[in-house]
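Me: I would like to learn how to read a few local features of a model, one at a time. Could we begin once the structure is on display?

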Amino acid sequence: MIDTTRPHPARVYDWFLGGKDNYPVDEQLGRQIAAIDGAAPKVARANRAFMRRATRTLAEESGVRQFLDIGTGIPTEPNLHQIAQSVAPDARVVYVDNDPIVLAHAGALLRGTPTGVTEYVQADARDPESILRQAASVLDFDRPVALSLIALLHFVADEDGAHGLVRTLVDALAPGSFLTLSMMTADFEPENVHRGIAAYAAGGVTLVARSHAEVGAFFTGLDLLEPGIVAVPDWRPEDTPAADGPVTEGPISLYGGVARKPAG
Ligand SMILES: C[S@@+](CC[C@H](N)C(=O)[O-])C[C@H]1O[C@@H](n2cnc3c(N)ncnc32)[C@H](O)[C@@H]1O
């Protein structure tokens with residue numbers, strides 16, 4: 001099931017993070033991207049750190065106990081369920097990805113707390129109805145859910161239904177739910193980002209960059225939490241970042257934001 005002849009986003013990302021679950025084709029593309037933009041591995045680390053801060057904020061400050069994470073990626077500790085369940089051991093987490101290699105590692109994702117629930121669903125983000133149907137066996141959609149699409153939507157073009165899938169998912173959430181997004185932008189370093197997109201395209205991977213306004217469109221009808229949509233290291237930076245945490249030198253070409261679904 002695993003095609004090792006073509007690079008795959010999850011495995012290239014794993015290579016950037018220093019993981020071992022990638023193949024020579026993934027490393028080759030990772031090296032190509034890093035040669036174009038030396039910050040690429042830092043971008044991956046800054047994105048993971050954003051995921052950790054956003055998840056902790058929602059579990060600690062907003063009291064969310066249900067999490068739906070689509071585009072989970074190959075497990076990299078700490079994983080989202082470990083953050084959520086360290087705050088609330090009874091947190092219920094559903095992971096979703098469409099890559100068979102993530103499925104192969106699902107066992108590592110499923111080691112959650114005994115009082116919580118951690119489930120993995122193999123599905124495509126472009127089929128949100130199927131995700132909602134499967135997730136409903138674990139999550140109560142009448143109560144708030146933290147939906148995360150972190151470093152996912154730049155793999156789904158507008159014409160492939162990026163906006164429709166977000167709308168379908170958000171419409172299914174109860175008021176008081178949250179949407180966390182991060183995605184690539186060419187706003188800061190257009191030349192490098194467009195060269196990176198071309199390198200991914202040559203490897204058969206579609207990647208899209210979106211402007212601040214285009215990212216904002218995904219949050220239509222939702223209330224953005226402070227500080228709004230910003231480069232991921234600037235989203236509620238910690239006083240003492242973890243060793244692999246946000247890097248502030250040089251631009252990080254990923255926007256991130258978290259928003260709450262209002263009542264009515
Ligand atoms: C860059 S990784 C991000 C992993 C994790 N969310 C993070 O931010 O650390 C993107 C993930 O999205 C997954 N993905 C890409 N397109 C997808 C789709 N259409 N449906 C489901 N997952 C998808 C890839 O397999 C990969 O695991």
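This is a predicted model: local features need pLDDT of at least 70, side-chain atom pairs count only at pLDDT 80 or more; totals for chains, interfaces and linings use all residues.

Me: What describes a pair of aromatic rings?

Reply: Such a pair is described by the distance of the centres and the angle of the planes. Here a search of the whole structure finds 3 aromatic pairs. In one of them, Phe188 and Tyr255, the ring centres are 5.3 Å apart and the planes stand at 65°, which is over the 60 degrees needed, so the pair is edge-to-face. The pair links distant parts of the chain, since Phe188 sits in the loop between β5 and α9 whereas Tyr255 belongs to strand β8, 67 residues apart. Phe188 is partly exposed at 35% relative accessibility, while Tyr255 is buried at 5%.

Me: Which residue does a cis peptide bond join to Pro227?

Reply: That residue is Glu226, and omega is about 5°; Pro227 itself lies in the loop between β6 and β7. The bond from Glu77 to Pro78 is also cis, with omega near -5°, and Pro78 is in the loop between β1 and α4.

Me: Where does Ala151 lie?

Reply: Ala151 is in the loop between β4 and α8, and has a positive phi of about 55° although it is not a glycine. With 16% relative accessibility, Ala151 counts as buried.

Technical notes:
Residues are numbered from 1 along each chain as its sequence is written. Side-chain values use heavy atoms; hydrogens and water are left out. Rings of Phe, Tyr and Trp (its six-membered ring) pair if their centres lie within 6.5 Å; planes under 30 degrees apart count as stacked, over 60 as edge-to-face and the rest as tilted. Helices (H or I, at least four residues) and strands (E, at least two) are DSSP runs, numbered from the N terminus. Buried means under 20% relative accessible area, exposed over 50%, partly exposed in between (1.4 Å probe, protein chains only).
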